[in-house]
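Please keep the sequence and the coordinates at hand while reading.

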Amino acid sequence: MSNYRPPVSDLAFVLEHVVGYPDVARLPGYEHADLDTVVELLEQCGDFMANVVAPTNQPGDVEGARREPDGSVTTPASFKAAYRQYVDAGWGSVPFPEEFDGGGFPWSVGLAIQEMLASSNMAFALCPLLTQGAIDALLHHGDEAQKLRYLPKMISGEWTGTMNLTEPQAGSDVGALTTHAVPRADGTYGITGQKIYITYGEHDMAEQIVHLVLARTPNAPAGTKGISCFIVPKFHVNDDGSLGEHNAVNCLSIEHKLGIHGAPTCVLSYEDATGYLIGEENLGMRIMFVMMNSARLSVGTQGLAIGERAYQQALDFAQERRQGLAIGATGANSAIIDHPDVRRMLLTQKAYLAALRRLMLLNAVHMDRSTHDPDEKSRARANEIVGLLTPICKSFGTDLGVELTSLALQVYGGMGYIEETGASQHYRDVRITPIYEGTNGIQAADLVGRKLGVRDGASVTEFLATMREVEAELAEAGDEFDSIRLELGRQFDTLEAATHWMLRTGRADPNAVLSGSTPYLRMWGLCTGAWLLARSALAARGIDDAELAETQLVLARFYAEQLLPQSGGLFGAATAGSRDLFALDAAALADSARLRQNAPLN
């Protein structure tokens, strides 16, 4: 199994030349985060991830997490030491406010760190990721006392955090939850209920776990309007900040999963546990979305990250494995990288991964602008773009994560199906990403149901117009960019047509729009990826680096000519409506199979 190589040079190129990071570094509060400082930080971080975290990946998968008879959870042996080094190095604190002992760097820098962490070991990375969501919720909605009590140690990583949403009967339908919170005379609440699928809900890597729990107070409105959010620490916190007695929250079991074996996924029981209300009653959904929106971009980045690790291993294997003779070769067997179909698989991975990295960082840069740009209109526009890009990043990033890890396994041939090579672990680990933090079907519904209608469709059409500006730049760049320009133009036309259909149809027939939402989102992913790779190729030609310019041009051209045309093929599915999806009821679907089985033989 090959070692992980952090893609710092590509991260630096994208930040500087493609997504506009130098403008972010000039925003108020980010003056210390100039590009040179950031690149040096990422180089140091990459070394840490490659040397400390990445070696824990396969051993952690083999060993797994386990629940002990007393309800405690033991993580893989290598995790605890690696996590202590991670905390001591301060990598988790980089993108959080300085007032709570964070590094005060932009979120785009934090996301680059997250990519390298998830590539190194996704199961390990989930602990800081869940803590990040809890931190975001407290930063936005916690009172000053709660922030001072919890945030410094959560930001440092000394304490970790969780999000407790799901219950056995309440998955995507969060409003169906039954966990209840009874107010007490001292201002606290007694929390009782059961939560499932709680990542790092119990573990041995940190001394304290801060659970953020959704629950319903007495006489609360039905559904999502009656949900509140509470801090429920594993251990009570004394007035001096020290830890007290164990709160009434216990781990009943941990799940036996397809992948991410090192990350404990817990069933937690709350039995009149002491909880502290965040904000006001019935604001839980608003707080939840603060947690989930940044997490959705992070999960999209996980698809990229695991795809990158799988690609690196497949590339190394393709250079070592010798099988058959390539065209024109003589003598001994050729390395399989010399066979055209293996090259196709490798270049497909590389091009998609490059597109995803640019898409994730573009979203993160707009997140930074939405919070720190001094101009109110600029902040508002950046926030609109974040809203549009987030479901695309989460869905396209994780769908491709699954496809690309599968393709990497294919490069190995039969050896990929053997656990010892490590190829299959990536496929198993990444498969959860299209499911959690809102399934990808929910992301597509969010795109067409909420984001397209912003300003009666003006927001999305303005973004499309911005993307189309690259066509003129490509026309001026010379003949070698012609095929990129022509295919981009064709697919932009198709995407515009699908968008107008969605806007036209949405109010009259929302079921039709929802029926085509997933292929429509895929069209967006394919087109934004092509647009960003075209921008990369244009930017690289202006740099005195012939190898970089050639690489970026080849990636953009390969993507435009061989991957982007899929977008046009999705137009029919995006605009077909719901007629055939609902033409057969469940009984008819079952009867079709039964009738074939019982058909008489001639």
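How many residues line the second largest pocket, and which of them lie nearest its centre? In this predicted model, the second largest pocket is lined by 21 residues, and those nearest its centre are Ser9, Asp10, Lys350, Thr551 and Gln552.

- The volume of the second largest pocket comes to about 550 Å³, and the elements that give two or more residues to its lining are helix H1 (8–17), helix H9 (284–320), helix H10 (340–372) and helix H18 (546–563).
- By class, the lining of the second largest pocket is made up of nine nonpolar, four polar and eight charged residues.

**The cavities**

- The structure holds four cavities of 30 Å³ or more, and the largest cavity has a volume of about 270 Å³.
- The largest cavity is lined by 23 residues, among which Tyr86, Gln114, Pro128, Leu129 and Gln132 are the closest to its centre.
- At least two residues of the lining of the largest cavity are supplied by each of helix H5 (77–89), helix H6 (107–120), helix H7 (122–141), helix H8 (144–156) and H9.
- The lining of the largest cavity has 15 nonpolar and eight polar residues but no charged ones, whereas the lining of the second largest pocket includes eight charged residues.

**Packing of H1 with H3**

- The axes of H1 and helix H3 (residues 35–53) come within 10 Å and cross at roughly 160°; because angles over 145 degrees count as roughly antiparallel, H1 and H3 are roughly antiparallel to each other.
- The crossing of H1 and H3 is right-handed, and the contact is made by Val8, Leu11, Ala12, Leu15 and Glu16 on the side of H1 and by Leu35, Val38, Val39, Leu42 and Glu43 on the side of H3.
- The residues of the contact of H1 with H3 fall into eight nonpolar and two charged, with no polar residue among them.

**Packing of H9 with H11**

- H9, which also gives residues to the lining of the second largest pocket and to that of the largest cavity, packs with helix H11 (residues 376–412) at an angle of about 20°, their axes being 8 Å apart.
- Because angles under 35 degrees count as roughly parallel, H9 and H11 are roughly parallel to each other, and H9 passes H11 in a left-handed crossing.
- The contact of H9 with H11 divides into 13 nonpolar, ten polar and two charged residues.

**Packing of H15 with H18**

- Helix H15 (residues 482–505) packs with H18 at an angle of about 40°, with the two axes 9 Å apart, and H15 passes H18 in a left-handed crossing.
- On the side of H15 the residues Ser483, Ile484 and Glu487 take part, and in H18 they meet Leu553, Ala556, Arg557, Ala560 and Glu561.
- By class, the contact of H15 with H18 comprises four nonpolar, one polar and three charged residues.

Note on methods:
Residues are numbered from 1 along each chain as its sequence is written. This is a predicted model: local features need pLDDT of at least 70, side-chain atom pairs count only at pLDDT 80 or more; totals for chains, interfaces and linings use all residues. Side-chain values use heavy atoms; hydrogens and water are left out. On a 1 Å grid over the protein atoms alone, a cavity is a set of points where a 1.4 Å probe fits but cannot get out, and a pocket is an open set with protein on both sides within 12 Å along at least five of seven lines; lining residues have an atom within 4 Å of a point. Grid points are joined across faces, edges and corners, and a volume is the space filled by probe spheres set on the points. Helices (H or I, at least four residues) and strands (E, at least two) are DSSP runs, numbered from the N terminus. Ala, Val, Leu, Ile, Met, Phe, Trp, Tyr, Cys and Pro count as nonpolar, Asp, Glu, Lys and Arg as charged, and the others, Gly among them, as polar. Axes are lines fitted to C-alpha atoms, for helices over the stretch in contact, and angles run from 0 to 180 degrees between N-to-C directions. Angles under 35 degrees count as roughly parallel, over 145 as roughly antiparallel, 65 to 115 as roughly perpendicular and the rest as oblique. A crossing is left-handed if the near helix is turned anticlockwise from the far one by less than a right angle, and right-handed if clockwise. Contact means heavy atoms within 4.5 Å.
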